[in-house]
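This report looks at charged side-chain pairs and their surroundings.

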Amino acid sequence: MEKLLLILFIFLIFSCKNKENTDSDYLQKIELEKKERLLFSIGKTYFEKNCISCHKLGAKGISNLDYSFKSNNFSMDFLSKFITKQDSLTKSENEEAAKILEFFGDIYNHNFKFNEEETKSIIYYIKSQKSN
């Protein structure tokens, strides 16, 4: 009888723990979705205010966003720097910046005063648009 109670007790402990993990996974998923919606919303706002005049998403003939974002040719770190410190990258003869300038010419000047989170949200917004 004691063995049966011990087995039942162990079973209850493991079954409760599994339920906690499932609930925790669900809550984490919900939290991640909230963060993604917030990033998307902030990115959209900043993009529409600062970028759309030159970079119309989905516009025919505007392939630079496709080249840089959709195909993931560049790292998040590089894209952040290119948006906020293009002059510094160009002056330091950064290889990736040179590729962009060679491909598109010197038609844009990106030296926006965004903080890291604002820049990340813009990149997230663009990448999410390009994946649709």
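The model is predicted: local features need pLDDT of at least 70, side-chain atom pairs count only at pLDDT 80 or more, and totals for chains, interfaces and linings use all residues. Residues are numbered from 1 along each chain as its sequence is written, and side-chain values use heavy atoms, with hydrogens and water left out.

Side chains of opposite charge can pair when their charged atoms come close. A salt bridge here is a side-chain nitrogen of Lys or Arg within 4 Å of a carboxyl oxygen of Asp or Glu. By this rule there are two salt bridges.

| Salt bridge | N to O distance |
|---|---|
| Lys81 and Asp77 | 3.3 Å |
| Glu117 and Lys120 | 3.7 Å |

Helices are DSSP runs (H or I, at least four residues), numbered from the N terminus. Lys81 and Asp77 are four residues apart in helix α3 (residues 76–84), so about one helical turn separates them. Glu117 and Lys120 lie three residues apart in helix α6 (residues 116–131), again about one helical turn.

Burial is judged by relative accessible area (buried under 20%, exposed over 50%, partly exposed in between; 1.4 Å probe, protein chains only). Lys81 is partly exposed at 37%, and Asp77 is partly exposed at 48%. In the other pair, Glu117 is partly exposed at 47% and Lys120 is partly exposed at 30%.

Thr119 is also found in helix α6. Thr119 is buried, with 2% relative accessibility. Leaving aside neighbours within four places in sequence, Thr119 is in contact (heavy atoms within 4.5 Å) with Ser80, Ile83, Thr84 and Phe114.

Definitions and conventions. Helices (H or I, at least four residues) and strands (E, at least two) are DSSP runs, numbered from the N terminus.
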